[in-house]
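Colleague: Could you take me through this model feature by feature, giving the general idea and then the case at hand?

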Amino acid sequence: MLRLIYIGKVAPDPFYDAAGRSMELSWHNFFFGAFEPGASVSIDKPPVDLWLQVASVKLFGFSSTTLKLPEAFAGIVTVPLIFLAVRRMWSTTAGLAAATALAVLPVDVITSRSDTMDGVMMALIVLACCACCAPASAAP
């Protein structure tokens, strides 16, 4: 809930918003992460995360809220993922503590409400951790 409440009132990021708008105009712009419609300048990050924003814009229309939805949902998905990763390595209690802390951690809530790449990156890192973590019973 913290990641979605009043998400439309969060200040936009003109740099990544412009890239999202440009990337929805053509496949060339989409693939290369073009910052502007002429596709002569690309964004400073890999365009994969912005592809999620473009998909959101295509589904719901261009707005500040639709640009932020993929990040918000990534932040929401990260909470149960961190629970699973920590529970596998330590215990259910530790997993609940980690998930609760992440759910209310101000810096994570703020980054999940922005239109930068941090929320999706965090979800992918925790997902990778889930895939690599050995269960506590298998630890030496």
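Modeller: Accessible areas come from the Shrake-Rupley method with a 1.4 Å probe, and for residues only the protein chains shown count as cover. On that basis the accessible surface of the protein chain comes to about 7800 Å², of which 75% belongs to carbon and sulfur atoms. Please keep in mind that this is a predicted model, in which local features need pLDDT of at least 70 and side-chain atom pairs count only at pLDDT 80 or more, while totals for chains, interfaces and linings use all residues. Residues are numbered from 1 along each chain as its sequence is written, and side-chain values use heavy atoms, with hydrogens and water left out.

Colleague: How many helices and how many strands are there in the protein chain?

Modeller: Helices (H or I, at least four residues) and strands (E, at least two) are DSSP runs, numbered from the N terminus. The protein chain has 7 helices and 0 strands, so that its elements read α-α-α-α-α-α-α from the N terminus on. Along its principal axes, the C-alpha trace spans about 55 × 30 × 25 Å.

Colleague: What share of the 140 residues in the protein chain is buried?

Modeller: A residue is called buried under 20% relative accessible area, exposed over 50%, and partly exposed in between, with a 1.4 Å probe and protein chains only. Buried residues make up 39% of the 140 residues here. Q53, placed in helix α3 (residues 48–60), counts as buried because its relative accessibility is 0%. By contrast, L124 in helix α7 (residues 118–132) is exposed, since its relative accessible area is 53%, and L25, in the loop between α1 and α2, is exposed at 52%.

Colleague: Which residues does Q53 touch, leaving aside those up to four places away in sequence?

Modeller: Contact means heavy atoms within 4.5 Å. With residues up to four places away in sequence not counted, Q53 touches Y16, L67, P70, E71, D115 and T116. For the protein chain as a whole, among contacts between residues at least 6 apart in sequence, 64% join residues at least 24 apart. Another buried residue is G33, with a relative accessible area of 0%, which lies in the loop between α2 (27–32) and α3 and touches M23, V41, S42, I43 and P47 under the exclusion of residues up to four places away in sequence.

Colleague: And what should I make of the charges, in particular R113, and where is the nearest side chain of opposite charge?

Modeller: Lys and Arg count as positive and Asp and Glu as negative, whereas His and the chain ends are not counted; a salt bridge is a side-chain nitrogen of Lys or Arg within 4 Å of a carboxyl oxygen of Asp or Glu. R113, in the loop between α6 (106–112) and α7, is buried yet has no salt bridge, and D108, the nearest side chain of opposite charge, is 11 Å away. Residues that R113 touches, beyond those up to four places away in sequence, include L2, I5, Y6 and K68.
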